[in-house]
Amino acid sequence: MCSSANNTNIQSSPDPGLILELKTRRPPSLEGRAGCETWSVDFSPDGAWFAWSMGHGIVWVVAWPLDSELLCALGTHRDSQQGESDRGDKSFSCGHSVWGLAFGPRPPKSALAKRPNHKPLKGKNLLLATGLENGVIKIWNVFTGDAMFDLHGHEGVVRDLVFPQNGKLTLVSSSRDKTLRIWDLDQKGKKVQVLSGHKDWISCCCISSDCSMIASVGRFDRMVCLWSLRSYTFIRNLTGGSHKTFYLLASCDFSPDGALLATAAFSGSSWWIDLWDPYTAEKLATLVDYCDIYGQNQISAIQFSPDGLHLAIVTEDRALRIWEPGKKGMVMQTKQDRASNGICCNFHPQGGVVATGTRDGHVRFWRVPRSVPSLCHLCRSILRHSVSTHQMEPLPIPRRILEYLTYRNIPDRLKTCYSSDEEEWGG
């Protein structure tokens with residue numbers, strides 16, 4: 001079911017980093033109750049659409065950017081060739097709470113032409129996948145607002161959804177039923193691969209940029225698993241992280257060049273982010289933050305920026321932090337706020353803006369620092385996108401260059417220092 005989305009308020013904020021906030025209109029009796037959460041937000045691959053789960057089984061999809069201020073913040077313009085009728089805001093009623101969502105890619109025409117038996121999806125086919133509390137995945141056509149088909153198989157909450165960056169209509173889902181599933185949407189999900197190995201709920205999954213690996217983290221089993229997206233087999237479980245007796249894993253993300261895997265975890269009074277080499281299973285660095293109040297320092301989500309220079313961090317005590325791997329302290333952090341309620345985040349494909357979702361069903365858009373990548377960083381990104389660590393190590397190049405190309409130049413252990421109110425990032 002699709003309808004016009006008119007049940008939100010757009011509000012600005014005095015916070016210098018906050019561009020605007022979308023607040024859901026709902027009866028007072030539902031405020032703060034379970035089911036209101038914005039568990040997932042996403043931008044379409046071209047950055048022209050934004051989707052968020054606004055609670056109670058509703059997903060809102062809006063044309064991006066929302067107004068002229070955001071347009072200037074992004075430094076982009078709307079596509080004049082896109083008809084206004086296609087850019088109307090829409091809401092999708094999914095019937096159950098939405099825990100995960102992801103925009104699908106637009107398959108390259110050249111790739112489809114090489115497949116003689118391929119039957120393309122009819123009409124305009126920017127897809128939106130929504131993962132529901134009852135284990136069903138619903139596939140929507142964003143432009144028409146139609147529900148195209150459902151994917152059945154998971155026996156628990158579908159917690160995360162992700163499409164690869166190669167343009168193929170392959171969907172990877174992770175669930176509380178301890179499995180990942182790989183769906184071929186060209187076949188309407190009839191061809192399914194099931195990956196089993198986790199011992200408990202899977203919190204998050206991600207795909208490397210070369211589409212060779214899937215990473216998944218188990219919330220309670222504390223497993224960081226790597227899987228082959230080519231052979232659908234288990235590769236390894238990353239070990240060597242924190243030695244705390246009890247902690248929970250929350251999130252994971254590959255760097256845009258695929259050479260780093262970041263994982264986020266927390267315990268009673270601290271959270272930390274481990275940076276791994278997914279090819280060698282070596283832990284390269286750890287960022288740690290401590291809190292004096294037990295149980296008040298949970299980390300919810302992390303994501304690399306599109307250029308790979310920064311990592312967005314959503315925690316219980318701050319709505320957003322931006323960290324540059326290899327540096328001490330934060331490039332940017334919002335004011336300390338225990339009521340921020342942040343639980344997810346997503347960068348705009350062109351960078352410059354991060355969207356965060358909250359437990360009360362709202363969405364905030366933050367202006368984040370832009371950096372001009374160095375020539376060294378650009379060369380490393382291009383090289384590492386197609387060359388693994390194992391292929392790099394035998395090359396006859398100076399040791400310092402090899403350390404840089406394999407991210408071995410990051411300090412072994414980093415610590416985030418608390419900032420006073422005067423030191424808060426002011427935009």
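**Core, sheets and salt bridges of the predicted model**

In the largest nonpolar core, which has 22 residues, the members that touch the most other members are Ile273, Leu275, Ile299, Ile302 and Ile313; a nonpolar core is here a set of buried Ala, Val, Leu, Ile, Met, Phe, Trp, Tyr and Cys residues joined through side-chain atoms within 4.5 Å, and buried means under 20% relative accessible area, with exposed over 50% and partly exposed in between (1.4 Å probe, protein chains only). Two or more residues are given to this core by each of strand E20 (248-254), strand E21 (261-266), strand E22 (270-277), strand E23 (282-290), E24 and E25, where strands (E, at least two residues) and helices (H or I, at least four residues) are DSSP runs numbered from the N terminus. The structure is a predicted model, in which local features need pLDDT of at least 70 and side-chain atom pairs count only at pLDDT 80 or more, whereas totals for chains, interfaces and linings use all residues. Residues are numbered from 1 along each chain as its sequence is written, and side-chain values use heavy atoms, with hydrogens and water left out.

Leucine 275 touches Leu261, Ala262, Glu282, Lys283, Leu284, Ala285, Phe304, Trp323, Pro325 and Ile410, when residues up to four places away in sequence are not counted; contact means heavy atoms within 4.5 Å. In soluble globular proteins, nonpolar side chains tend to be buried together. Strand E22 also holds serine 270, which is buried at a relative accessible area of 1%. The C-alpha atoms of serine 270 and aspartate 289 are separated by 5.6 Å, although the two residues are 19 residues apart along the chain.

Strands E24 and E25 belong to an open sheet of 4 strands with the order E24-E25-E26-E27 and antiparallel pairing, two strands being paired if DSSP finds at least two bridges between them. Strand E24 (299-304) and strand E27 (332-333) stand at the edges with a single partner strand each, so one side of each is left without a neighbour in the sheet. Within this sheet, strand E25 (residues 311-315) pairs with strand E26 (residues 321-323) in the antiparallel sense over 3 bridges, and leucine 311 stands opposite tryptophan 323 in E26.

Strand E10 (residues 137-141) and E11 pair in the antiparallel sense over 4 bridges, and isoleucine 139 stands opposite phenylalanine 149 in E11.

A search of the whole structure finds 6 salt bridges, each defined as a side-chain nitrogen of Lys or Arg within 4 Å of a carboxyl oxygen of Asp or Glu. One of them joins lysine 138 and aspartate 150, with the closest N and O atoms 3.1 Å apart. Lysine 138 lies in strand E10 and aspartate 150 in strand E11, so this pair ties together parts that are 12 residues apart in sequence. Lysine 138 is buried, with a relative accessible area of 15%, whereas aspartate 150 is partly exposed, with a relative accessible area of 32%.

Arginine 364 forms a salt bridge with glutamate 21, the closest N and O atoms being 3.2 Å apart. This pair links distant parts of the chain, with arginine 364 in strand E30 (residues 363-367) and glutamate 21 in strand E3 (residues 18-24), 343 residues apart. Arginine 364 is buried at a relative accessible area of 12%, and glutamate 21 is buried at 9%.

Arginine 408 and aspartate 277 also meet through their side chains in a salt bridge (2.7 Å, N to O). Here arginine 408 lies in the loop between helix H5 (399-405) and strand E31 (413-415), while aspartate 277 lies in strand E22, 131 residues apart. Arginine 408 counts as partly exposed at 23% relative accessibility, and aspartate 277 counts as buried at 0%. Salt bridges that share partners join Asp277, Glu282 and Arg408 into one network.

The mean pLDDT of the chain is 83, and 79% of its residues reach 70 or more; pLDDT is the predictor's confidence in each residue, from 0 to 100. Over residues 68-86 the pLDDT is below 50, and this stretch has 30 contacts in the model beyond near neighbours in sequence. Over residues 108-123 the pLDDT stays under 50, with 9 contacts beyond four places in sequence. Where pLDDT is low, the predicted coordinates should not be read in detail.
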